[in-house]
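Please load the model in your viewer and keep the selection tool at hand. The stops below say what to select and what is there.

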Amino acid sequence: MTGDVRFYGGYEDAEMAIAAFGTEIPEDWEWPIETLSLRWNTKFSSCEHRDLLGAATALGLARETFGDIALSENAGEAYLFCMNDMADYFKANLASAGRAALKVDRAVEVRIAPPKGMTFHATVQSRRLDAVAAAGYQLSRATAQKLMTAGLVKLDHVPELRTDAQVTEGSLISVRGYGRLKIEEVIGETRKGRIGLTLFQYGKH
């Protein structure tokens with residue numbers, strides 16, 4: 001009997017996620033994740049992601065109790081994804097971030113702003129992780145392999161030590177110190193037999 005594993009962090013493309021293990025995980029699995037709305041008055045203060053993350057971390061909780069903090073499409077709002085049993089604690093204690101006073105409630109509607117980043121094209125000899133990481137981060141293949149063997153590379157949120165692990169459309173690669181990449185499209189082979197990829201690098205402009 002083979003097992004199954006699924007990851008979810010409260011929304012698609014979440015960087016921090018929890019895992020569910022089982023022989024057959026239903027699509028409507030109820031994840032123990034609560035989404036909190038963090039709001040502040042933009043007339044009196046500004047608030048950035050680093051301010052919110054710093055405020056949440058300063059509460060002294062284990063990092064595993066909450067996941068991503070994502071900015072909303074609405075000005076003056078962000079979302080914090082946390083474990084269900086920690087939602088009331090965040091509501092009671094997360095009062096400010098930077099100079100901004102926060103109002104924390106359970107989110108009714110979640111409208112996450114599109115991620116900031118840069119889309120670009122690259123060609124690789126194969127869909128091996130080391131080859132794609134080297135092309136995406138503009139590294140030598142040897143450097144990409146060293147980062148992998150050092151445990152600094154994740155594929156779809158899971159540390160990956162195998163340099164020959166295969167990537168597919170939708171794969172998310174993260175390298176500590178270099179950021180995150182998403183494989184948006186595998187275009188196909190070029191005339192020279194290389195594989196064309198469309199990549200999205202988060203945070204780049």
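## Second largest pocket

Begin by selecting S1 (4-8), S4, S5, S12 (172-175) and S13, strands that each supply at least two residues to the lining of the second largest pocket. The model is a predicted one. S12 provides the largest share of this lining, 4 residues. The pocket has a volume of about 570 Å³. It is lined by 29 residues, and Glu15, Met16, Ala17, Lys154 and His157 are the closest to its centre. Colour the lining by type to see 15 nonpolar, 8 polar and 6 charged residues.

## Largest pocket

Next, select His49, Ile69, Pro115, Arg180 and Tyr202, which lie nearest the centre of the largest pocket among its 25 lining residues. The elements that give two or more residues to this lining are helix H1 (49-57), S4 and strand S13 (179-189). The space in the largest pocket is about 770 Å³. Which strand gives the most to its lining? S4 does, with 5 residues. By type, the lining of the largest pocket holds 11 nonpolar, 6 polar and 8 charged residues.

## The four-stranded sheet

The open sheet has 4 strands in the order S4-S5-S3-S8, with antiparallel pairing. S4 and S8 are the edge strands, each pairing on one side only. Ignoring direction, neighbouring strands of the sheet are turned by 25° against each other on average.

Zoom in on S4 and S5, which run antiparallel and are joined by 4 bridges. Isoleucine 69 is opposite leucine 80 of S5. Strands of a sheet pair through backbone hydrogen bonds.

## Salt bridges

Now show the charged side chains. Side chains of opposite charge can pair when their charged atoms come close. In the whole structure, a search finds 9 salt bridges. Three of them follow.

Select arginine 39 and aspartate 105: they form a salt bridge, with 3.0 Å between the closest N and O atoms. This pair links distant parts of the chain, 66 residues apart, with arginine 39 in strand S3 (residues 33-39) and aspartate 105 in strand S8 (residues 103-106). Are these two side chains buried, partly exposed or exposed? Arginine 39 has 36% relative accessibility and so counts as partly exposed. Aspartate 105 is also partly exposed, at 24% relative accessible area.

Move to glutamate 73 and arginine 111, whose side chains meet in a salt bridge at 3.1 Å, N to O. Glutamate 73 is in the loop between strand S4 (66-71) and strand S5 (77-83), while arginine 111 is in the loop between S8 and strand S9 (117-124); the pair links distant parts of the chain, 38 residues apart. Glutamate 73 is partly exposed because its relative accessible area is 44%, and arginine 111 counts as partly exposed at 38% relative accessibility.

Finish with arginine 106 and aspartate 88, a salt bridge of 3.2 Å, N to O, between side chains. Arginine 106 belongs to strand S8 and aspartate 88 to helix H2 (residues 87-93), so the pair links distant parts of the chain that are 18 residues apart. Arginine 106 has a relative accessible area of 35% and is therefore partly exposed.

Notes: Residues numbered from 1 in each chain as written. Predicted model: local features only at pLDDT ≥ 70, side-chain atom pairs only at ≥ 80, totals over all residues. Heavy atoms only, no water. Salt bridge = Lys/Arg side-chain N within 4 Å of Asp/Glu carboxyl O. Buried < 20%, exposed > 50% of the residue type's maximum accessible area, 1.4 Å probe, protein only. 1 Å grid on protein atoms, 1.4 Å probe; cavity = no way out; pocket = protein on both sides within 12 Å on 5 of 7 lines; lining within 4 Å. Points joined across faces, edges and corners; volume = space filled by probe spheres on them. Nonpolar A, V, L, I, M, F, W, Y, C, P; charged D, E, K, R; others polar. Pairing = 2+ DSSP bridges. Axes fitted to C-alpha atoms, helices over the stretch in contact; angles between N-to-C directions.
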